[in-house]
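Conventions are given where they are required.

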Amino acid sequence: MVTLKDIAAEAGVSITTVSNVVHNRTSRVSPERVAKIWEIIERRNYVPSMTARTLAKDSSSIIGVITHLTVQNLGSTMSDPFLSSFVEGVERRTREEGYFMMVRSVEDSQALDSLSRSWRLSGVIMTGMFQDDFFEYTRNLNIPFVLIDSYIDLPDVYNVGLEDEKGAYMATKHLLDNGHRVIAFASPTIQPGGVVEKRFQGYCRALEEYGIPFDPSRVFTQEITVEEGCKLGHVLSRRPEITGIVASADILAAGIMAGLRQKGVRVPEDKSIVGFDDNFLSKLTNPGLTTIHQDIERKGILAMNMLLAQIRNEPVDTRCVILPVTLVERESVRNLNA
């Protein structure tokens, strides 16, 4: 493997001079010598090691995409289609800007501290954060960070979010407009100040507009996996009075549809369902899933742009961006008015 020492020996200069050229510190190096060093670097396919970059810059050029979860939920998050689409957007920008990306789930502040110290992260993008002790620890790490889908309302926090309440309102209203009056809401545990709570509020607002009393027995909480959704589908198959279902994520909706099918309940003939996200699963279900669309990849790109601006001390137009949602109609909702 070619080293800085090899390049310096062939160019007849010091290792420090080669290092300065590699890191674009060329104010004291003649243009002729810079050109000669780069010719040798390219001809010999020299690639600076990550360790050398880290020591030179006191950072690793690594961007951490961090999810704060407990141990029992780690697997479900890493298999979530939302995360894969989001990471695709972040990865595109990191690649374009010469950074690297690390995707990790962490349980607590100690794990985050170990991660940031070991890898000297240049910045962090955090998903699903609440205003708790873990957030306060992250805030005090002195590393640039951007939150995703967070409802922490502080003036110094950067966030890329979504019209969560509006999206669930649109999903529920679509079912109501199609004649459904007994509608279930399916989601993970509803925590105060989070995305799921906002979507639940949208569900409740639509019911209230139609004069339908809220019934807690129609709210079902389940982990967001196809397997857990399938179990919930079995439960819902025993509730014939429920004709409509609002699922807080497409992966949950897909599982519910599979579980209903296993019990002989047809979609949309017997039960209608609307998802949330419009990821690839919504196009693979049979029938196709009516869902709320969000541009997940764009969310990742915007988050990375915000983070880069902080790293480079560049101005940012706004610290909080809220992306719009739209309803995508497919075949999973039956019109009971017809």
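1. Two strands are taken to pair if DSSP finds at least two bridges between them. Helices (H or I, at least four residues) and strands (E, at least two) are DSSP runs, numbered from the N terminus. The model is predicted: local features need pLDDT of at least 70, side-chain atom pairs count only at pLDDT 80 or more, and totals for chains, interfaces and linings use all residues. Residues are numbered from 1 along each chain as its sequence is written, and side-chain values use heavy atoms, with hydrogens and water left out.

2. Strand β6 runs parallel to β7 (residues 219–221), to which three bridges join it. Within β7, Phe220 is the bridge partner of Ala186. The chain passes from β6 through helix α10 (residues 195–209) to β7 in a right-handed β-α-β crossover (with the strands pointing away from the viewer, the path from the first strand over the helix to the second runs clockwise).

3. Four bridges join β6 to the parallel strand β8 (residues 244–247), where Ala247 is the partner of Ala186. Ile183, Phe185 and Ser187 point one way from β6, Ala184 and Ala186 the other, and all are buried (under 20% relative accessible area; exposed is over 50%, partly exposed in between; 1.4 Å probe, protein chains only).

4. Asn178 lies in the loop between α9 (164–177) and β6 (183–187). Asn178 counts as buried because its relative accessibility is 12%.

5. Helix α12 (residues 250–262) is largely enclosed by the rest of the structure, because eleven of its 13 residues are buried. Gly264, which follows α12, has a positive phi, near 80°.
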